[in-house]
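Hi,

Here is the structure we talked about. Have a look at it first, then read my notes below.

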Amino acid sequence: MHWGTLFDYICKGLDTSAPLAFAALGGVFSEKSGVVNIALEGGMLFSAFSIVWGSIIFHSLWLGLLFAVVIGMAFAAIHAVVTITYKVNQIISGVALNILAEGIARFLSQNIFGQETQSAMNPYSFPSYRGMNVFSLVVIPVAILSWFVLNKTVFGLRLRSVGENPEAADTLGINVTLMRYSGVLISGAMCGLSAAVLYPSRWVSGMTGGRGFIALAAMIFGRWSPIGAVLASLLFGYADAARISFASSIQIPSQFVQMFPYVLAVVVLAGVVGRSRAPAADGVPYEKGED
Amino acid sequence: MKRFNRYALYEVMAPLVGFAASMALLMLIVVAVGENPGNAVDAIWKMTFATSTRTATVLSTSVPLFLAGLAVAFAFRANIFNIGVEGQYFIGGLVGAMAGIYVPLPAFLHIPFVVLAAMIGGALWAAIPAALKVGRGIHEVITTIMFNNIALALVNYLVNGPMSGLGATGSLEPQTRHILPTALFANIDWLFRAAGWNVPDSVYLDYSLPVAVLAGVLVWFILFRLRIGFDLRAVGTSTDVSLYAGIKVAKVQLGAFLFSGALAGLVGLQEIFAVRGYYTFQIASGLGFDGIAIALIGRNSPVGVAFAALLFAFLRQAGYGLQFFTKVPNSVISVITGLMILIIVVSNELVSRYIKALRKKEAM
């Protein structure tokens with residue numbers, strides 16, 4: 001293989017990994033605090049719409065990104081209110097939010113851009129280097145920062161403690177509700193960041209194509225650790241990039257190539273579990289023991 | 001007894017409140033888009049209950065939705081989130097269609113045969129996620145979603161490749177060969193006409209309707225009349241307690257998961273055997289996700305799921321009405337559906353808190 005081709009592949013792989021990695025980091029924060037967030041998919045999709053919309057409104061990509069992050073957090077806030085305050089089943093809330101996100105984005109697109117299935121082109125975008133959106137590199141400092149926050153700060157310790165043993169954390173005076181809200185809101189902000197690398201030039205209905213769920217698989221494979229989640233995202237991202245780069249030179253039907261990342265996800269999950277353990281109180285609403 | 005009725009009344013209220021609130025929100029959105037609410041109501045009416053054709057269409061639309069909801073609900077009862085109904089009905093439909101295309105049988109055998117084949121196909125597609133769940137503790141939500149995507153690619157390959165019927169049918173769209181006439185689902189509009197309801201035969205009220213009714217009765221019977229159903233509900237209520245009680249939790253969950261897949265296999269029957277008469281990967285998608293919402297609103301009981309499926313069928317037709325006769329886009333229905341689920345689950349929670357508080361007060 002030519003070196004230039006290899007280098008292109010390395011860059012392209014980072015590009016396809018980055019949206020997964022941001023979302024997987026979001027999943028880590030949410031689940032470490034004890035809230036399963038399968039609405040990452042919807043959060044990414046709605047944020048992807050918001051970055052295009054925001055950039056056009058504010059005539060700035062950075063303000064568009066900020067807008068996407070804020071929208072991502074607002075969207076996650078619904079999940080937080082429903083699951084933490086009202087203790088509704090977290091999967092159900094996630095399913096509802098995924099339906100809602102697709103609907104809102106299509107509805108807004110119809111009313112703003114006159115088309116239900118895609119937005120206008122976004123004239124602002126990050127520079128691209130060899131097929132890679134350079135914002136993809138931001139995932140590296142964000143991953144390190146996430147690791148630091150979760151493992152080396154008081155906030156991180158508290159966040160993890162409410163995901164492992166909320167009763168004990170509560171007894172120690174930690175505000176379980178506040179910590180869980182923080183975890184979920186951070187996951188929303190990460191969805192906003194993932195929008196910046198997904199495809200900031202245009203929103204298209206269904207453009208996330210299940211990436212939010214692949215990100216959850218990456219999070220599990222990465223054993224709920226920020227670095228692990230990012231490494232797992234790279235695995236899936238590079239598998240996907242291989243599919244795109246080399247599909248034409250392989251003699252197998254394209255549909256099998258399409259299946260590859262999903263089959264890989266299942267195989268990887270089947271192989272890893274037993275060694276991978278979710279936070280103990282992940283998915284369990286916290287009831288203060290009053291009765 | 002009187003007290004019990006009052007509690008039951010509160011519990012029924014939550015979905016009604018959710019429905020009313022989401023309809024109010026719908027009207028707000030209609031006004032925000034600059035449409036006259038009167039026009040919107042009129043458009044919805046025209047598409048849903050204005051004529052017996054429309055009402056029959058709502059009923060027909062509800063059949064696959066009911067089956068999807070039933071599949072999800074059955075798994076829910078055993079504390080399993082079968083998000084894979086989507087993939088299971090694509091594969092179930094495929095296996096059913098194979099039975100209809102390649103196996104020549106007399107009609108009275110062929111129809112039950114394809115129904116059974118579809119159920120087996122759906123169960124097979126649920127088998128690996130079920131085994132991974134029970135055997136290795138891998139959360140079924142992730143695996144079933146992966147299997148949905150794998151299923152879509154697989155049927156796409158089969159319909160374009162080995163099972164392609166393009167030469168045989170002369171169609172330009174990728175599809176399989178035609179299903180043998182003995183396996184096609186005929187309309188049963190004569191049954192409704194005999195009962196005094198004037199349904200035109202252009203609406204698909206076919207064998208899939210009695211299949212759905214039978215499936216609902218079967219689920220009710222298993223859940224509430226058989227020992228296995230009792231075990232299943234016990235596992236759904238508390239895995240720990242069930243373990244102590246000596247229930248083989250893994251076995252029960254495996255069985256529930258597979259049967260849920262089998263029910264999911266029935267979802268595509270109407271479209272494949274009554275509407276199209278062949279199989280394609282372009283059959284309606286997204287029903288599995290609708291099924292989750294339907295199961296939830298129907299509180300995982302067959303009767304509740306039937307009402308919820310009718311509600312969803314109504315919403316879907318209402319969406320077409322809005323799109324057709326007003327400037328409100330169809331996507332508004334997704335928005336309203338998402339919001340309605342959230343409102344219903346939150347009001348469910350509020351109601352159960354209220355009941356808990358009432359019980360506590362009465363106990364004192």
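Before the domains come up: their bounds are taken from an automatic or database domain assignment. One more thing to keep in mind is that this is a predicted model.

Let's start with chain B. Chain B splits into domain 1 (1-35 + 333-364) and domain 2 (66-304), so look for domain 1 in two separate pieces of the numbering. Between the C-alpha centres of domain 1 of chain B and domain 2 of chain B there are 30 Å.

What is chain B built from, helices or strands? Chain B has 16 helices and zero strands. Its radius of gyration is 22 Å, close to the 21 Å that the globule rule gives for 364 residues, so chain B is as compact as a globular protein of that length.

On the inside, 52% of the 364 residues in chain B are buried. Take the contacts in chain B with a separation of 6 or more: 74% of them join residues 24 or more positions apart.

Now for where the two chains meet. Here 40 residues of chain A are in contact with 36 residues of chain B. On the chain A side, helix H4 (90-113), helix H9 (211-221) and helix H11 (254-272) each supply at least two residues. H4(A) gives the most, with 15 residues. That side of chain A is made up of 27 nonpolar, eight polar and five charged residues.

Cheers

Note on methods: Residues numbered from 1 in each chain as written. Chains lettered and ligands numbered in written order. Predicted model: local features only at pLDDT ≥ 70, side-chain atom pairs only at ≥ 80, totals over all residues. Contact = placed C-beta atoms within 7 Å. Helix = DSSP H or I, 4+ residues; strand = E, 2+ residues; numbered from the N terminus. Nonpolar A, V, L, I, M, F, W, Y, C, P; charged D, E, K, R; others polar. Rg over C-alpha atoms; globule rule 2.2 N^0.38 Å. Buried ≥ 20, exposed ≤ 12 C-beta atoms within 10 Å, placed from the backbone.
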